[in-house]
Amino acid sequence: MVTYRDAGVDIYKEDRIIRALISQITFKRTDRFKPCEELIGHYAGAIEFGDYYLVLCTDGVGSKMVVAKMANRYDTVPIDMIAMNVNDAISIGAEPVALVDYIAVEDIDEEIARQIGKGLNEGLKEANISLIGGETATLPDIVKGIDIAGTVLAVVRKDKVITGRDIKEGDVIVGLRSSGIHSNGLSLARKVFFEIGGMDIHHKLPHGKTVGEELLTPTRIYVKPVLEMIEKVKVKGLAHITGGGFRKLRRLKKDVVYLIDNLPEPHPVFKEIQRIGNVPDEEMFRTFNMGIGFCVIVDKKDSEKVIEIAEKYHIPAYVIGRIVKEVEIGGEKIRDKVVVRYKNKSIIVE
């Protein structure tokens, strides 16, 4: 039995590290460019800018870069970098508009640069944003290989920001299908496939795809459908399902239960990871998106419209759960949690 911690990633330790870092930061502006207090700890931070908030997100690709190096293929990972940023930005209702990137390398050749450029262009087009600057640093004493990161600027009117404050009992959770593993849990996936399974990137899995194809499938970008949903229905909460899985829903509103009890079948890649690594169900839902890359919380009457918009963009969508006050598990009343019902058991994702 293997866990994410066994693969070198402890999400609870990361939470403690973030709290330790933030505890030392006390300075912030208090003038007309002051930060939005309501969004602290949410998917994206923002500063005041007249009638708008300017929103900033920053992220990279993580250990997916190790797989890219193994495959000598770099045209998909820039899409992941852009997706991880823009999908966070839209989670507060903001429209992404621009990107600056940072590429740190041990060494690089023109062919790799062309591949990275191709992926950047594809991600920019899908997210409808512009690359307005960046930095490339050659750091042979620090970086072994290549790392790609970026920062996205987004904007939202103050009266249009979505925080989750309006979520109430009876609302439904619409799940938008992921393209696969996305960009989280790659340390565990690599340990399972390469160390435990003894595979390489060319190994064909039972469903026909190779390990490399599965792990390098780019993260889905949800910008266009989600912005259209915001225009056409009353969206109450938005959640990008990344590292930590469905526990990310608790960033929205903490005094309710997010009951997820109607999930579609996970992608075959998740089943293979669980089978080969003997990974517990609880660990799978703490580490991976399990087939749902984004959640939209709306009134029940608006769910069909949300699904219709998603499918217009060729993204399968489903009502995967609902908001309740409490659930009973083993005679105990559970509140303020995310509960997933899977394989006839209830899993508290925390």
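Predicted model: local features only at pLDDT ≥ 70, side-chain atom pairs only at ≥ 80, totals over all residues.
Figure 1. Ser303 touches Val172, Val174, Val298 and Val319, when residues up to four places away in sequence are not counted. The residue is found in helix 10, which spans residues 303–312. Ser303 counts as buried, because its relative accessibility is 9% and the cut-off for burial is under 20%.

**Figure 2. Packing of helix 7 against helix 10.** Helix 7 comprises residues 223–232, and its axis lies 9 Å from that of helix 10, at an angle of about 150°. The crossing of helix 7 and helix 10 is right-handed. From helix 7, the contact draws on Pro225, Glu228, Met229 and Lys232, while helix 10 contributes Lys305, Val306, Ile309, Ala310 and Lys312. Sorted by class, the contact of helix 7 with helix 10 contains five nonpolar and four charged residues, with no polar ones.

**Figure 3. Packing of helix 3 against helix 4.** The axes of helix 3 (residues 77–89) and helix 4 (residues 110–127) are 7 Å apart and form an angle of about 30°. Helix 3 is therefore roughly parallel to helix 4, as angles under 35 degrees are classed in this way. Helix 3 and helix 4 cross in a right-handed sense. On the helix 3 side, the residues in contact are Pro78, Ile79, Met81, Ile82 and Val86; on the helix 4 side, they are Ile116, Gly119, Leu120, Glu122, Gly123, Leu124 and Ala127. The contact of helix 3 with helix 4 consists of nine nonpolar residues, two polar residues and one charged residue.

Figure 4. Asn278 follows helix 8 and has a positive phi, near 50°.

**Figure 5. The aromatic pair of Phe270 and Phe288.** Five aromatic pairs are present in the structure. In the pair of Phe270 and Phe288, the ring centres are separated by 5.8 Å and the planes by 50°, an arrangement classed as tilted. Phe270 belongs to helix 8, whereas Phe288 is in the loop between helix 9 and strand 9 (292–298); the pair therefore ties together parts that are 18 residues apart in sequence. Phe270 and Phe288 are both buried.

**Figure 6. The aromatic pair of Phe285 and Tyr342, with Phe246.** The ring centres of Phe285 and Tyr342 are 5.0 Å apart, and their planes stand at 75°, so the pair is edge-to-face. This class applies to planes over 60 degrees apart. Because Phe285 lies in helix 9 and Tyr342 in strand 13 (residues 338–342), the pair ties together parts that are 57 residues apart in sequence. Phe285 and Tyr342 are both buried. Phe246 joins Phe285 and Tyr342 in a cluster linked by ring pairs.

Technical notes. Residues numbered from 1 in each chain as written. Heavy atoms only, no water. Helix = DSSP H or I, 4+ residues; strand = E, 2+ residues; numbered from the N terminus. Buried < 20%, exposed > 50% of the residue type's maximum accessible area, 1.4 Å probe, protein only. Contact = heavy atoms within 4.5 Å. Axes fitted to C-alpha atoms, helices over the stretch in contact; angles between N-to-C directions. Parallel < 35°, antiparallel > 145°, perpendicular 65-115°, else oblique. Left-handed = near helix turned anticlockwise from the far one by under 90°. Nonpolar A, V, L, I, M, F, W, Y, C, P; charged D, E, K, R; others polar. Phe/Tyr/Trp six-rings, centres within 6.5 Å; stacked < 30°, edge-to-face > 60°.
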